[in-house]
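Colleague: I am new to reading models of this kind. Could you take me through a few features, one at a time?

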Amino acid sequence: MFYGWRAAKTVLQYVISAHDVRYSRCTYFNCKAGQPMYSFVLLLVLIAVLWYAYQKNKETFKQLSIGQTAGVFVSYGAAVAIIVAVLYYVVQPITEPIANELLKLAARFGLLIIVLFVCMFFLEKVLKKITNGVFPPKRG
């Protein structure tokens, strides 16, 4: 019983320390022992989202071959990587000189929307080419 309370206290301290400013720069590659790993939580969220997407489109995935399914996952992964890289290396330096924080936020949000729409447009074209029009499924 005592060990359970001690473990619960340790977990609670771990969760509270996740909101500490000192650990805000912790990433998957540079976490020190004892620091929370935000990327682990993000990885779990990514797995949950992929599982939900798979369950939602299970019938569509059954129509695809193994190579086409792998191509779909690689394409989505590449799209996410491109979006993150563009946001970090292009959008952030472009908007950094803006002095007004509200205007900077609006500019970043607007550029984010543009980057997402452009990337998703090309992703849809690539997926239609890979899957012969089966994926992405029709909306509506």
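Modeller: Start with a cut-off: buried means under 20% relative accessible area, exposed means over 50%, and partly exposed lies in between. Keep in mind that this is a predicted model.

Colleague: How does leucine 50 count on that scale, and where is its place?

Modeller: Leucine 50 has its place in helix H2. Its relative accessibility is 39%, so leucine 50 counts as partly exposed.

Colleague: Which residues form the nonpolar patch on the surface?

Modeller: The patch is formed by Leu43, Leu44, Leu46, Ile47, Leu50 and Phe73, and together they have about 540 Å² of accessible area. Helix H2, residues 38-56, gives the largest share of this patch, five residues.

Colleague: Is threonine 131 buried or exposed?

Modeller: Threonine 131, in helix H5, has a relative accessibility of 1%, so threonine 131 counts as buried. Leaving aside neighbours within four places in sequence, threonine 131 is in contact with Leu64, Gln68 and Val72.

Colleague: What is the phi of asparagine 132, and where does this residue lie?

Modeller: Asparagine 132 lies in the segment after helix H5 (101-131). Its phi is positive, about 55°, although asparagine 132 is not a glycine. With a relative accessible area of 65%, asparagine 132 is exposed.

Colleague: Where does isoleucine 98 lie, and which residues is it in contact with?

Modeller: Isoleucine 98 lies in the loop between helix H4 (66-95) and H5. Isoleucine 98 is partly exposed because its relative accessible area is 25%. Leaving aside neighbours within four places in sequence, isoleucine 98 is in contact with Leu103, Lys104 and Ala107.

Methods: Residues numbered from 1 in each chain as written. Predicted model: local features only at pLDDT ≥ 70, side-chain atom pairs only at ≥ 80, totals over all residues. Heavy atoms only, no water. Helix = DSSP H or I, 4+ residues; strand = E, 2+ residues; numbered from the N terminus. Buried < 20%, exposed > 50% of the residue type's maximum accessible area, 1.4 Å probe, protein only. Contact = heavy atoms within 4.5 Å. Patch = residues over 30% accessible without salt bridge, like charges linked within 9 Å, V, L, I, M, F, W, Y side chains within 5 Å. Areas by Shrake-Rupley, 256 points an atom, 1.4 Å probe, with all protein chains shown as cover. Salt bridge = Lys/Arg side-chain N within 4 Å of Asp/Glu carboxyl O.
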